[in-house]
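Try each task before you read its solution.

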Amino acid sequence: MFLPSERQERILAAVRQRGTVRLGELVERLGVSAVTVRRDVTALADRGLLRRVHGGVTLPHRGAAEPEERRTPFGPTAAGILLGMVVPSVEYYWPQVIQGAQTSVNAAGGRLVMRVSSYEPGEDRRQITALLERGTRTLLVAPVVTGAYGLDLLRWLATLPVPVVMVEREPPPELPTLALDAATTEHALGAGLAVRHLVTLGHRSIALVLSRQSPTSRALRRGWTGTMAELGLPRPDAWQFEVASYGTPGWAAAYDHVLRRCRERGATALLVHSDREAIGMVERARDLGISVPGEMAVVSYDDEVAATSDPPLTAVRPQKHRLGRVAAELALARATEVERRPVHRVQLWPTLEVRESCGGQAEYEAAQGR
């Protein structure tokens with residue numbers, strides 16, 4: 001019996017010698033089952049070492065349309081790379097990031113293999129280990145970065161035998177020299193965009209409503225606090241709220257409490273993360289007799305479904321698809337130039353999408369020349 005590595009070397013030798021080999025011939029030559037041969041062929045194809053055709057395998061095609069080396073904005077990359085990706089969710093925010101990464105990997109002639117950690121402690125390491133065993137040559141990860149577990153995980157990532165690019169995560173202050181690439185959104189700046197837009201509409205009392213479970217909340221709070229200070233606006237702790245997700249038990253009463261407190265304290269505008277919570281705030285405001293945007297302006301952070309609200313929500317939009325593309329391009333380039341490249345930390349700015357929930361839409365569009 002051959003070891004898997006020995007079988008795969010024999011498969012490659014046969015393909016190099018004959019150009020194209022049928023799977024049945026490989027089964028006979030190696031004396032193993034068809035399932036085993038297909039598994040070995042899949043592993044070799046994922047690494048770009050051969051190409052599957054109907055009923056067999058052949059050498060990778062290296063024609064004019066598929067060069068051996070491609071270029072990304074961050075440098076060259078070899079074709080056929082298997083890229084692993086571990087994300088915390090495939091339900092909200094992350095699908096567009098995944099699709100963006102898939103776009104870049106496809107353009108490079110590679111393959112993306114994804115796993116989900118579901119925000120569960122220990123799952124990051126388990127899923128990453130499984131991808132390494134799968135043969136991935138580089139990794140995109142959105143790991144836990146806080147607490148003792150997060151620090152240990154980041155140190156472990158820096159020791160892996162393949163390049164790692166973090167997505168929407170940066171090392172904490174405790175690891176200032178961690179040599180890992182990262183592609184992130186400047187969420188703090190996005191919060192500042194929302195505050196500045198509301199100020200141009202005459203608002204000075206702007207409350208912040210954050211999703212209790214989101215890792216983005218820290219950056220949004222920093223952006224809100226910093227921008228309010230820069231503009232000389234009041235920012236009392238009483239104008240900061242954390243709420244449970246829209247639709248969870250007790251959400252309506254909790255949102256009513258936030259809206260009543262805002263009215264009592266003179267807040268005339270809300271920056272809410274995320275769209276679901278912002279839509280919930282608008283819904284409860286309507287039931288409480290608070291008109292939006294007449295008495296309370298609302299800006300959402302995310303812009304997944306903000307345009308479907310009634311009224312449509314002005315929203316800060318992280319460029320999720322582009323972020324996935326950039327992260328994958330970083331990873332592909334890093335896989336080709338491991339030692340020669342400095343650490344890259346790339347930040348994308350979100351954009352502001354102005355709609356009806358703040359008023360002043362016509363004036364804003366006129367100022368933008370639309």
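**Exercise 1.** Find the helix that holds T36, then decide whether T36 is buried or exposed.

*Solution.* Start with the location: T36 sits in helix α3, which covers residues 34-46. This is a predicted model, by the way, so you're reading a prediction here. Next, look at accessibility. The relative accessibility of T36 is 15%, and buried means under 20%, so T36 counts as buried. Now check its surroundings. The side chain of T36 makes a polar contact of 3.1 Å with the side chain of S33. Finally, look along the chain: P4 is 32 residues apart from T36, yet their C-alpha atoms are separated by 9.0 Å.

**Exercise 2.** Work out the strand order of the open three-stranded sheet, and say which strands stand at its edges.

*Solution.* First, a bit of background: strands in a sheet pair through backbone hydrogen bonds, in a parallel or an antiparallel way. In this sheet the order is β1-β3-β2, and the pairing is antiparallel. Step two is to count partners. β1 (20-22) and β2 (51-53) each have a single partner strand, so they stand at the edges, and one side of each has no neighbour in the sheet. From one strand to the next, the twist averages 30°.

Now zoom in on one pair. β2 and β3 (residues 56-58) run antiparallel and are joined by three bridges. Within this pair, V53 is opposite G56 of β3.

**Exercise 3.** Is H273 buried or exposed, and which residues does it touch?

*Solution.* Begin with its place in the chain: H273 belongs to strand β13, residues 269-273. Its relative accessibility is 6%, so H273 counts as buried. Then list the contacts, leaving out residues up to four places away in sequence. Among those H273 touches are V209, L210, S211, Y301 and D302.

**Exercise 4.** Which members of the largest nonpolar core touch the most other members?

*Solution.* This core has 44 residues, and the ones touching the most other members are V209, C262, L270, M281 and V298. Take L270 as your example. Skipping residues up to four places away in sequence, L270 touches A207, V209, L259, C262, M296, A297, V298 and V299.

Note on methods:
Residues are numbered from 1 along each chain as its sequence is written. This is a predicted model: local features need pLDDT of at least 70, side-chain atom pairs count only at pLDDT 80 or more; totals for chains, interfaces and linings use all residues. Side-chain values use heavy atoms; hydrogens and water are left out. A nonpolar core is a set of buried Ala, Val, Leu, Ile, Met, Phe, Trp, Tyr and Cys residues joined through side-chain atoms within 4.5 Å. Buried means under 20% relative accessible area, exposed over 50%, partly exposed in between (1.4 Å probe, protein chains only). Contact means heavy atoms within 4.5 Å. Two strands pair if DSSP finds at least two bridges between them. Helices (H or I, at least four residues) and strands (E, at least two) are DSSP runs, numbered from the N terminus. Axes are lines fitted to C-alpha atoms, for helices over the stretch in contact, and angles run from 0 to 180 degrees between N-to-C directions. A polar contact is a pair of N or O atoms within 3.5 Å; within protein, one must be able to donate a hydrogen and the other to accept it, and residues adjacent in sequence count only if both atoms are side-chain atoms.
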